[in-house]
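Keep the structure open while you read.

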Amino acid sequence: MGAELVRPELAGPDDVVLAWEGRDVLAVRLPQLSDSLDRILAALERTHGMPLAQLDRKEKQRVVRNLEARGAFAVRHGVETVAGALGVSRFTVYNYLNRENASRGG
C-alpha cells in the first residue's frame with residue numbers, strides 16, 4: 001500500500017494515529033493518491049510484462065476500465081497520467097471511458 005510508519009509526535013493532520021491501551025503508539029502516513037496511481041500503473045506493467053504503451057487497443061481499453069473501477073480518474077491529473085503511461089492522448093482515454101459508460105447504459 002505504500003504507507004509509512006512514523007512516531008506519533010511527528011504525525012501530521014492527515015496521518016492516522018494508532019493507540020494501544022489509551023496511549024498513542026504510532027502513526028500511519030498514507031501515500032498521496034497520485035503516488036498510488038503510479039504504483040498501480042507500475043504493477044500493471046509488471047502484470048502485462050511490457051510497458052502499457054505497447055499493449056494493443058483492446059488491452060488498453062481493459063486497463064482503462066480496471067483503473068476507472070479503482071478510482072484512478074478521481075486523482076488530480078489522473079487522465080493525463082494514464083494517457084502518458086498508455087502512450088495515447090487524453091482524448092483517447094476519455095473516449096475509452098465514454099465507450100465503457102455507453103455500453104453500460106450510463
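## Salt bridges in the model

Searching this whole predicted model turns up 4 salt bridges. Among them are the pairs R7 with E9, D15 with R29, and E80 with R90. Let's go through these one by one.

## R7 and E9: out in the open

Start with E9 and R7, which form a salt bridge whose closest N and O atoms are 2.6 Å apart. Are these two residues buried or exposed? E9 has a relative accessibility of 56%, so it counts as exposed. R7 comes in at 51%, and because the cut-off for exposed is over 50%, R7 counts as exposed as well.

## D15 and R29: a link across the chain

Next up is the salt bridge between R29 and D15, with 2.8 Å between the closest N and O atoms. This pair ties together distant parts of the chain: R29 belongs to strand β3 (residues 23-29), D15 sits in the loop between β1 and β2, and the two are 14 residues apart. That loop runs between β1 (4-6) and β2 (16-20).

How accessible are the two partners? R29 has 29% relative accessibility, so it counts as partly exposed. D15 has 13%, and since buried means under 20%, D15 counts as buried.

## What else surrounds D15

Which backbone atom lies 2.7 Å from one of its polar atoms? That's the backbone nitrogen of G12.

Now set aside the neighbours within four places in sequence. What is D15 in contact with then? The list is V6, L10, A27, V28 and R29.

## E80 and R90: helix to helix

Finally, find E80 and R90, whose side chains meet in a salt bridge at 3.7 Å, N to O. Here, too, the pair links distant parts of the chain: E80 is in helix α3 (residues 78-86) and R90 is in helix α4 (residues 90-103), 10 residues apart.

As for accessibility, E80 has a value of 34%, so it counts as partly exposed. R90 is partly exposed too, because its relative accessible area is 46% and partly exposed covers the range between the buried cut-off of 20% and the exposed cut-off of 50%.

Note on methods. Residues numbered from 1 in each chain as written. Predicted model: local features only at pLDDT ≥ 70, side-chain atom pairs only at ≥ 80, totals over all residues. Heavy atoms only, no water. Helix = DSSP H or I, 4+ residues; strand = E, 2+ residues; numbered from the N terminus. Polar contact = N/O pair within 3.5 Å; in protein donor to acceptor, adjacent residues only side chain to side chain. Contact = heavy atoms within 4.5 Å. Buried < 20%, exposed > 50% of the residue type's maximum accessible area, 1.4 Å probe, protein only.
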